[in-house]
Amino acid sequence: MFHQQGDDVDYVADEHEMEELDVFIDEFQDIDLDGFDSDVNERQGIDLDGFGSDVDEFLDVELSDVESYIDELQETDMNYRMKDISAVDVRNGRDIQGIPWERAIVTREIRRQRRLQEYQNYENIPQSDETSEKECKTTKKDGLYYDFRYNASSVIPTFSHTQLRNMISATSKHDVYLLSHFSLMHWSSLTCVKTDILDLSGHVAPCEKHPESHSEGFTHTEVSTLAVNDKLLVAGGLQGELIVKYLDKPGVCFCSQPTYDDDAITTAIEIKNTASGALHFFASNNDCGVRDFDMETFQLFNHFHLPWPVNHTSVSPDGRLLIVVGDDPEGMLVDSRNGMALSPLPGHVDYSFASAWHPDGRTFATGNQDKTCRIWDCRNLSKSVTVLKGNLGAIRSISYTSDGRFMSMAESADFVHVLDVKSGYEVEQEIDFFGEISGVSFSPDTESLFIGLRNRTFGSLLEFGRQHNYSYHDAMI
C-alpha cells in the first residue's frame, strides 16, 4: 500500500470524484432544485453542485466550461442541500441518490456504460485486473435480499486513504458509526438524527491512565480505519495512531502509537473474542505488523511480524486463526496464539485489502485489487473454491451476515454485491449507484445493510432492509 502524507490524502481520495464534474457539465442542461432544502452548512461548505469555488483542482476539465457552469448556478439560490430520500420516494420514481436523470442529456444506462469503460481501477501490479474470466464464477443477478429503505443525504461519509474503505460500522439495525471528515459520527435511522461522537480535528488525550497509553494524546488525527463493538469504538490513524473510546463514557480512554515507522498506517481494526474468551482488538499496520491488544488492560498481548505490509486481518469465530492479507498477491493463514504461518493463500495477482470469515469458521473470503473475491475452505487451501469478479474496481470491503446467509462484496465505487451463500455464491443482488464507497456494514441482527457513499454532490449514507417472506400469513386467511 502506498503511503500518503498531508494534502495528498484528500487529493488521492478525490481522484475518481473529479470525473463527476464532467457528468454535471456534459450531461445536465440545468439543475432541478425540487427536492432540495436549505442549510448547506451541514455539508461543511460543499454547495449543491459540489464543486466549490476552487475550480483549479479540476485540471482535467476545461476551465471556461467550469466557470460558465458555476456562473449559471450562481443565478439561483445556492443555499440548498439534498433532501433525504425514502422508500416511498423511490417507489414514486425518484432515483435512490436523488440524481435528476430526467434533466440529463444521456440516460442512466448510457452513463453507466461510460463509467464501466472509463473508470480507472487502482492497482499496484499492472494489468492485474485481467484475471481469466474462465476462473470466475458467472452469477445470476436476479437476487433481491435487501430493499432500499432510506438515503440520509445529511450524513457525509468520507475516507482518508483511497485503498482503505472500512469506515462504516453498524451496531444495530438502527445504529451506525462512520467517519465524516475529521468527525466520528453516529447516525440513528430510527430518529434520523446524527451525532458527533469524537472530533479529531483538534487535540484529544486519554482521560484514563494505562501503562502503554500515549498520555499526550494526538492532534489533527486523520482516521484510516475504525471498528465498533457494542459500546467500544477503536479508530486507527494514518500515522499509526490508535484511539479507543467507550461510547457510554465521556472522553477518550486510551491513545497509543505503537509504531513510529515511516509507513506506520493503521490499515484495519478488528474487535473479537480470543480463544480464551477475552475481548481483544487486532490492529493491522503498514509496517508489516499485526498487534493484538487486550481490551481490559489495553496492553499489547501479541505482536506478529509478516514479510510484507499488512492491509487487513480477520479473526476466526473461535479466535484461533487469522486471515492476513497485504502487499503481496498471496495472503496467509496464521495461528492467532503465536503468529505461526499455517498456509499461504495462492491465486490473487495483486495486493489484497479485504477479508472476512464465514460464521461457520471453515470458510472465508479475501478481496483484491485484481477485482476478484476468492472464497476459501480451511480443509484445502491449495486453491480457492470460488472466484467472484467485480464490475468496476478493486474489492475493498467484505462482510458476512451473522447467520451466514449472505456475503457483501463492495468494490471501490458504484457496486455492492450481496451474494446468497446458501446458493453456493451463484445468485446475487447487485446494488448499483454512482460514487466512491467508504464502507459497508450489516447490522448484527442481519436486518439492515448500510453503505457509505462519498460523492461531491450526492454523497450520503444508504440504508437497505432485509426482505422477509410472510406468505404464511396469507395461508392463514
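## Aromatic pairs and ring contacts in a predicted model

The structure holds eleven aromatic pairs, a pair being two rings of Phe, Tyr or Trp (for Trp, its six-membered ring) with centres within 6.5 Å; planes under 30 degrees apart count as stacked, over 60 as edge-to-face and the rest as tilted. This is a predicted model, in which local features need pLDDT of at least 70 and side-chain atom pairs count only at pLDDT 80 or more, whereas totals for chains, interfaces and linings use all residues. Residues are numbered from 1 along each chain as its sequence is written, and side-chain values use heavy atoms, with hydrogens and water left out.

One of the pairs joins Y246 and F298 in an edge-to-face arrangement, with 6.4 Å centre to centre and 70° between the planes. Y246 belongs to strand β13 (residues 242-246) and F298 to the loop between β17 (289-294) and β18 (300-305), so this pair ties together parts that are 52 residues apart in sequence. Strands here are DSSP runs of E with at least two residues, and helices are runs of H or I with at least four, numbered from the N terminus.

Another pair is formed by F281 and F293: the ring centres are 4.8 Å apart and the planes stand at 10°, so the pair is stacked. It links distant parts of the chain, with F281 in strand β16 (residues 279-285) and F293 in strand β17, twelve residues apart. Ring pairs link Y246, F254, F281, F293 and F298 into a cluster.

| Residue | Relative accessible area | Class |
|---|---|---|
| Y246 | 23% | partly exposed |
| F298 | 2% | buried |
| F281 | 0% | buried |
| F293 | 1% | buried |

Charged side chains also meet rings. A charge sits over a ring if NZ of Lys or CZ of Arg is within 6 Å of the ring centre and within 35 degrees of the ring normal. K249 lies over the face of Y246, 5.0 Å from the ring centre. Over the ring of F159 sits the charged end of R454, at 5.1 Å from its centre.

For the protein chain as a whole, the secondary structure comprises six helices and 32 strands. Of its 477 residues, 58% are buried. Where contacts (heavy atoms within 4.5 Å) join residues at least 6 apart in sequence, 55% are between residues at least 24 apart.

Notes
Buried < 20%, exposed > 50% of the residue type's maximum accessible area, 1.4 Å probe, protein only.
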